[in-house]
Amino acid sequence: MELSVGVIREGENPFQPGYHATIHVGILEKDEFLDGLFIPVWHCVRTFWGIRSSRKLPGSKITGELVEETEEEITKEVVGYLEMQLED
């Protein structure tokens, strides 16, 4: 078994709509993923009156949101996931 950790990025610019960053923690066995844990870290969207919009409307704004979990909560989640995988 092998531990795989990485960051999945969708989009090119972290400050442009459509950009998403997610931490991926997975278990590999014989180069095949057995299971994975995905933790969203950042996403950037365009909103108009608080509603997501794909169009650049007058008055719309671009917002980026960082994950709401603390470092300790994320660590706890990853450790719990790994312990559960080792039990199986």
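1. Basis. This is a predicted model in which local features need pLDDT of at least 70 and side-chain atom pairs count only at pLDDT 80 or more, while totals for chains, interfaces and linings use all residues. Residues are numbered from 1 along each chain as its sequence is written, and side-chain values use heavy atoms, with hydrogens and water left out.

2. Nonpolar core. The largest nonpolar core has seven residues, namely V25, I27, L37, I39, I74, V78 and Y81. A nonpolar core here is a set of buried Ala, Val, Leu, Ile, Met, Phe, Trp, Tyr and Cys residues joined through side-chain atoms within 4.5 Å. Buried stands for under 20% relative accessible area, exposed for over 50%, and partly exposed for values in between (1.4 Å probe, protein chains only). Strand 2, strand 3 and helix 1 (71-87) each supply at least two residues of this core. Helix 1 gives the most, with three residues. Helices (H or I, at least four residues) and strands (E, at least two) are DSSP runs, numbered from the N terminus.

3. Contact means heavy atoms within 4.5 Å.

4. Aromatic pairs. The count comes to two aromatic pairs. Rings of Phe, Tyr and Trp (its six-membered ring) pair if their centres lie within 6.5 Å; planes under 30 degrees apart count as stacked, over 60 as edge-to-face and the rest as tilted. F15 and W42 form an edge-to-face pair, at 6.1 Å centre to centre with 75° between the planes. F15 lies in the loop between strand 1 (2-10) and strand 2 (20-29) and W42 in strand 3 (residues 32-48), so this pair ties together parts that are 27 residues apart in sequence. F15 is exposed, with a relative accessible area of 56%.

5. The second pair. The ring centres of F48 and W49 are 5.1 Å apart and the planes are at 15°, so the pair is stacked. F48 is partly exposed at a relative accessible area of 24%, and W49 is exposed at 76%. W49 is found in the loop between strand 3 and strand 4 (51-52). The phi of W49 is near 55°, a positive value in a residue other than glycine. Most residues other than glycine have a negative phi.

6. Y19. This residue lies in the loop between strand 1 and strand 2, and Y19 is buried, with a relative accessible area of 7%. Not counting residues up to four places away in sequence, Y19 touches R9, E10, G11, E12, N13, P14, W42, H43 and C44. The side chains of Y19 and R9 are joined by a polar contact of 3.4 Å. A polar contact is a pair of N or O atoms within 3.5 Å; within protein, one must be able to donate a hydrogen and the other to accept it, and residues adjacent in sequence count only if both atoms are side-chain atoms.

7. P14. The loop between strand 1 and strand 2 also holds P14, which counts as partly exposed at 30% relative accessibility. P14 touches Y19, W42 and C44, not counting residues up to four places away in sequence. P14 and G64 are 50 residues apart in sequence and 8.2 Å apart in space, C-alpha to C-alpha.

8. R46. The place of this residue is in strand 3. R46 is buried yet has no salt bridge, and the nearest side chain of opposite charge, E65, is 14 Å away. A salt bridge is a side-chain nitrogen of Lys or Arg within 4 Å of a carboxyl oxygen of Asp or Glu; Lys and Arg count as positive and Asp and Glu as negative, with His and the chain ends not counted. The side chain of R46 does make a polar contact with the side chain of S60, at 3.5 Å. Beyond four places in sequence, the residues that R46 touches include P17, I51, K56 and I62.

9. K56. This residue is in the loop between strand 4 and strand 5 (61-66) and, at 70% relative accessibility, K56 counts as exposed. K56 and E83 are 27 residues apart in sequence and 45 Å apart in space, C-alpha to C-alpha.

10. S4. Strand 1 holds S4, which is buried, with a relative accessible area of 18%. Not counting residues up to four places away in sequence, S4 touches H24, V25, G26, L28 and F33.
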